[in-house]
Amino acid sequence: MEIRKMVIEDYSSVYELWMSCKGMGLNNIDDSKKGIDIFLKRNPNTCFVAIEQEQIVGVIMSGHDGRRGYIYHTAVSPAQRHRGIAKALVDAATKALYDLGIVKVALVVFDRNEIGNAF
């Protein structure tokens, strides 16, 4: 498995992954290709994908406001769970935020997302 920075060209695969995950909360503006492109341009070093056999099997988006980091839209393919992919993505994102001087991080999860809350 490879962890690398997310780029806008990953959008279609990432969106498909998000849609495969029960409880994922997306909206038409922020999570459109344009909205994600804006987020990635503001946070080019803190969003990551996990790749296995040339397919995206995990994603994490994180950014900060200069004081606190936020993690959004963490997802792992249902067929690839329980292999440490989510932990590797969280580690990559929190290290990237720490390298930017951010030491407080909040993970945003909808209350209806049972799998996300369990993680």
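Tutor: A salt bridge is a side-chain nitrogen of Lys or Arg within 4 Å of a carboxyl oxygen of Asp or Glu. The structure discussed here is a predicted model.

Student: How many salt bridges does the structure hold?

Tutor: Pairs are counted by the 4 Å limit between nitrogen and oxygen. One of them joins D37 and K41, with N and O 3.1 Å apart. The total for the structure is five.

Student: Which helix holds both D37 and K41?

Tutor: D37 is partly exposed, at 21% relative accessibility, and K41 is exposed, at 62%. The two residues are four places apart, so about one helical turn separates them. The helix that holds them, residues 33-42, is α2.

Student: Why can residues four places apart in a helix point the same way?

Tutor: A step of three or four residues is to be set against the length of one turn. Residues at that spacing point the same way because an α-helix has, per turn, 3.6 residues.

Student: What is the N to O distance in the salt bridge of D91 and K87?

Tutor: D91 and K87 are four residues apart in helix α3, residues 85-99, so they are separated by about one helical turn. D91 is partly exposed at 38%, while K87 is exposed at 51%. Their side chains meet in a salt bridge with an N to O distance of 2.8 Å.

Student: Within what arc do the buried residues of α3 fall?

Tutor: The buried residues of α3 are I85, A86, L89, V90, A93, A96 and L97. Seen down the helix axis, they line one face, because they fall within an arc of 135°.

Student: Which residues are exposed on the other side of α3?

Tutor: To count as exposed, a residue needs over 50% relative accessible area. The buried residues of α3 have a cover that includes the strands β1, β2, β3, β4 and β5. On the other side of the helix, the exposed residues are K87, K95, Y98 and D99.

Student: What span does α3 reach from its first C-alpha to its last?

Tutor: Helix α3 has 15 residues, and at 1.5 Å a residue the expected span is 21 Å. The span in the model is close to that, at 21 Å.

Student: Which element gives the largest share of the largest nonpolar core?

Tutor: This core has 17 residues, and those with the most contacts inside it include W18, V49 and V59. At least two residues each come from α1, α2, β2 and β3. The largest share, four residues, comes from α1.

Student: How many residues are in the second, separate core?

Tutor: Among the members of this second core are A50, V57, I71 and A93. A93 is also one of the buried residues of α3. The size of this core, in residues, is 12.

Student: How many disulfides does the structure hold?

Tutor: A disulfide needs two cysteine sulfur atoms within 2.5 Å. C21 is buried at 7% relative accessible area, and C47 is buried at 0%. The number of disulfides in the structure is zero.

Technical notes: Residues are numbered from 1 along each chain as its sequence is written. This is a predicted model: local features need pLDDT of at least 70, side-chain atom pairs count only at pLDDT 80 or more; totals for chains, interfaces and linings use all residues. Side-chain values use heavy atoms; hydrogens and water are left out. Buried means under 20% relative accessible area, exposed over 50%, partly exposed in between (1.4 Å probe, protein chains only). The expected span of a helix is 1.5 Å times one less than its number of residues. The arc is that of the directions from the helix axis to the C-beta atoms. Contact means heavy atoms within 4.5 Å. A nonpolar core is a set of buried Ala, Val, Leu, Ile, Met, Phe, Trp, Tyr and Cys residues joined through side-chain atoms within 4.5 Å.
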